[in-house]
Amino acid sequence: GSFKLSYYNEYKSYLSMSQEELFGISEDVIHKSNNDDAEFDVLIGHLQDIVLEDSFVELQESFLSRHCEEFDEDEENKLIYMDIFNEYINTLEQHIDARLSELNTSYSMTRLLKLIKDREDEIDVELFEMLGSLADFVLFKETMLNYKQNKDTCELPGLVVTSLAHFPNSC
């Protein structure tokens, strides 16, 4: 009987202990961690939505269309390439920043970058690679060259639309 009573008393004392006493983790840390998780999930969810929005895709395509003629296949890069690349990064960052601000009034780019840095392994691989590719000059140049080469063809999943300019009057 006394074993059960001492076990019960010990059990009751565990129930009354805080998480800090039990695990050495303060309530503030647990609360902050839960807030960080929620904030991270919301911001990353918004970020995923933004990069899939028509306005983001159209912004990229418009930029590529305006600047692709500047690029050529030469190994040596022209000085203007870096200017265009920096403009591209700024344009997309401004768009993402503005949209995140619209979707989440408490958003800050500094906070988002810190969350991404701290939790790289928790971000969807495709989103992480896509965001990383925005800052990759070599990939940017390849994208420009591919766009230049294929700009008369609009390729959509499962559908290819080709400009009629490629075909002489076949009617």
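Tyr88 is buried, at a relative accessible area of 7% (buried means under 20% relative accessible area, exposed over 50%, and partly exposed in between, with a 1.4 Å probe and protein chains only). Tyr88 lies in helix H5 of a predicted model, in which local features need pLDDT of at least 70, side-chain atom pairs count only at pLDDT 80 or more, and totals for chains, interfaces and linings use all residues. Residues are numbered from 1 along each chain as its sequence is written, and side-chain values use heavy atoms, with hydrogens and water left out.

**Overall architecture**

- The protein contains 8 helices and 2 strands, where helices (H or I, at least four residues) and strands (E, at least two) are DSSP runs numbered from the N terminus.
- Along the sequence, the order of these elements is α-α-α-α-α-α-α-α-β-β.
- Of the 171 residues in the protein, 23% are buried.
- Among contacts (heavy atoms within 4.5 Å) between residues at least 6 apart in sequence, 71% join residues at least 24 apart.

**Helix H5**

- Helix H5 covers residues 79-103.
- The 25 residues of H5 should span 36 Å at 1.5 Å a residue, and the end C-alpha atoms are 37 Å apart, which agrees; the expected span is 1.5 Å times one less than the number of residues.
- The buried residues of H5 are Tyr81, Ile84, Phe85, Tyr88, Ile89, Leu92, His95, Ile96, Arg99 and Leu100.
- An α-helix has 3.6 residues a turn, so residues three or four places apart point the same way.

- Apart from neighbours within four places in sequence, Tyr88 is in contact with Gln60, Phe63, Leu134 and Phe140.
- The C-alpha atoms of Tyr88 and Phe140 are 9.1 Å apart, although the two residues are 52 residues apart in sequence.
- Leu100 counts as buried because its relative accessibility is 0%.
- Beyond residues up to four places away in sequence, Leu100 touches Leu43, His46, Leu47, Ile50, Tyr107 and Leu112.
- Leu100 and Leu47 are 53 residues apart along the chain, with 7.2 Å between their C-alpha atoms.

**Packing of H5 against H8**

- The axes of H5 and H8 come within 11 Å and cross at roughly 95 degrees; axes are lines fitted to C-alpha atoms, for helices over the stretch in contact, and angles run from 0 to 180 degrees between N-to-C directions.
- H5 is therefore roughly perpendicular to H8 (65 to 115 degrees).
- Tyr81, Met82, Ile84, Phe85 and Tyr88 of H5 make the contact with Phe137, Phe140, Lys141 and Met144 of H8.
- By class, the residues of the contact of H5 with H8 are 8 nonpolar, no polar and 1 charged; Ala, Val, Leu, Ile, Met, Phe, Trp, Tyr, Cys and Pro count as nonpolar, Asp, Glu, Lys and Arg as charged, and the others, Gly among them, as polar.

**Packing of H4 against H8**

- Helix H4 (residues 54-67) and helix H8 (residues 137-150) have axes that come within 9 Å and cross at roughly 75 degrees.
- From H4, Glu61, Phe63, Leu64, Ser65 and His67 meet Phe140, Thr143, Met144 and Tyr147 in H8.
- The contact of H4 with H8 comprises 5 nonpolar, 3 polar and 1 charged residues.
- His67, in helix H4, counts as buried because its relative accessibility is 14%.
- With neighbours within four places in sequence set aside, His67 is in contact with Ile84, Glu87 and Met144.

Note on methods
Parallel < 35°, antiparallel > 145°, perpendicular 65-115°, else oblique.
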